[in-house]
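I opened my notebook beside the model. I wanted to look up a few spots and write down what I found.

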Amino acid sequence: MHNNSGSGFVYTAEGRRVVWIDGACRHNQDSRLRRAGCGVFAAAGCEENISCTLPGREQSNQRAELFAAILALDKFGGRLEVRSDSSYVVEG
């Protein structure tokens, strides 16, 4: 991995931009109280970083993780490497 020209973005040796995603859910054990959110991190201070609540009625950590992956692909597309600590997303 390397930083390209001071932009703060990280690229793989193959030239793919690296972004990190995460999802979280409060009150995950009680479906009536669940509220999930997610984030996409591209670089420190980057205006393209994303954080948001998960839309819809069905709230869970896994849905938030998947939504973050979708947001990353939609926002950055192209040659992208998405990094996640979620085995649900990585293995899915």
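Where is Ser60 found? I located Ser60 in the loop between strand S5 (50-53) and helix H1 (61-76). Helices (H or I, at least four residues) and strands (E, at least two) are DSSP runs, numbered from the N terminus.

A note on sources. This is a predicted model, where local features need pLDDT of at least 70 and side-chain atom pairs count only at pLDDT 80 or more, while totals for chains, interfaces and linings use all residues. Residues are numbered from 1 along each chain as its sequence is written, and side-chain values use heavy atoms, with hydrogens and water left out.

Back to Ser60. I looked up its relative accessible area, which is 13%, so Ser60 is buried (buried is under 20% relative accessible area, exposed over 50%, partly exposed in between, with a 1.4 Å probe and protein chains only). The side chain of Ser60 reaches the backbone nitrogen of Arg63 at 3.1 Å. I then left aside neighbours within four places in sequence. Ser60 is in contact (heavy atoms within 4.5 Å) with Cys25, Asn28, Ala36 and Leu54.

Next, strand S4 (residues 35-41). Five of its seven residues are buried, so S4 is largely enclosed by the rest of the structure. I checked its partners; strands pair if DSSP finds at least two bridges between them. Strand S3 (residues 17-26) runs antiparallel to S4, with seven bridges. Ala24 stands opposite Gly37 in S4. S4 and S5 also run antiparallel, joined by four bridges. Val40 has Ile50 in S5 as its bridge partner.

Last, Gly8. I found Gly8 in the loop between strand S1 (2-3) and strand S2 (10-11). Gly8 counts as partly exposed because its relative accessibility is 30%.

Methods:
A polar contact is a pair of N or O atoms within 3.5 Å; within protein, one must be able to donate a hydrogen and the other to accept it, and residues adjacent in sequence count only if both atoms are side-chain atoms.
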